[in-house]
Amino acid sequence: MNDKNEESIDFGYQKVARSQKKSLVADVFQSVAAKYDVMNDLMSFGIHRLWKRYTIDCSGVRHGMKVLDIAGGTGDLTAQFSRRVGAEGEVVLADINDAMLKVGRDKLRDSGVIGNVHYVQADAEELPFDDNTFDVITIAFGLRNVTDKDRALRSMLRVLKPGGRVLILEFSKPVSATLNQVYDFYSFNILPKMGQVVANDSDSYQYLAESIRMHPDQETLKSMMSTAGYEKVDYQNMTGGVVALHRGYKF
């Protein structure tokens with residue numbers, strides 16, 4: 001039972017004590033880590049790879065840069081950034097969840113991505129890095145699971161170098177009412193069943209569908225980024241607004 005004096009926060013459609021959310025989210029990703037890549041391909045029909053590729057193309061990452069991939073999970077973005085920054089650059093794959101971090105590290109090492117990649121278990125709300133450290137910071141499909149999104153945005157801005165950019169790839173709000181209805185049906189009727197069959201876990205995928213609906217829409221997140229101190233904030237809808245890529249700079 002929640003302490004009456006403790007603020008409640010969304011965990012999907014449930015209300016939980018703020019202090020509980022991180023451990024509840026951790027349980028979800030502890031459960032889905034082993035099947036994460038398989039489920040990503042199935043859930044998005046492989047389109048997540050195009051969303052991530054577009055994010056990489058918009059990042060401006062080049063040789064010698066220092067990149068932070070927050071909620072980097074199984075390392076899809078990190079692998080591409082590693083190739084782009086080269087031996088003189090550095091990529092830090094950070095994730096709050098140790099199970100996801102281990103899956104990502106093993107996957108990248110098995111594919112030969114070594115040398116310029118480092119792994120850090122870190123909370124986006126209090127990143128353990130010095131001010132003005134990174135040229136580019138990305139967080140793909142992770143912000144909606146963060147307890148205090150405003151605090152995370154400020155933490156990312158702090159460790160971003162002047163002239164650097166943050167890119168947030170996240171599920172958002174479809175721009176078409178018809179698409180929204182189809183998306184809702186798929187998310188709440190098909191996705192949990194898929195999770196049960198493939199990962200033996202329908203509850204985690206029910207939460208993931210709910211967390212998408214509770215995440216700020218495109219304009220709200222843009223406003224939050226501006227309030228946190230980012231400049232020239234913009235966003236690009238993909239797949240009819242099912243996903244949006246937000247971008248902000250530090251000057």
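Q: Are lysine 52 and aspartate 76 buried or exposed?
A: Both lysine 52 and aspartate 76 are buried, where buried means under 20% relative accessible area, exposed over 50%, and partly exposed in between (1.4 Å probe, protein chains only). This is a predicted model, in which local features need pLDDT of at least 70 and side-chain atom pairs count only at pLDDT 80 or more, while totals for chains, interfaces and linings use all residues. Residues are numbered from 1 along each chain as its sequence is written, and side-chain values use heavy atoms, leaving out hydrogens and water.

Q: What does lysine 52 form with aspartate 76?
A: A salt bridge, with the closest N and O atoms 2.8 Å apart. The term means a side-chain nitrogen of Lys or Arg within 4 Å of a carboxyl oxygen of Asp or Glu.

Q: Which helices do lysine 52 and aspartate 76 lie in?
A: Lysine 52 lies in helix α3 (residues 48-59) and aspartate 76 in helix α4 (residues 76-85), so the pair ties together parts 24 residues apart in sequence. Helices (H or I, at least four residues) and strands (E, at least two) are DSSP runs, numbered from the N terminus.

Q: How many salt bridges does the structure hold?
A: 18.

Q: Which residue does arginine 144 form a salt bridge with?
A: Glutamate 170, at 2.8 Å between the closest N and O atoms. Arginine 144 lies in the loop between β6 (134-140) and α6 (149-159), and glutamate 170 in strand β7 (residues 160-171).

Q: And how buried is arginine 144, at what relative accessibility?
A: Arginine 144 has 7% relative accessibility and counts as buried; glutamate 170, at 2%, also counts as buried.
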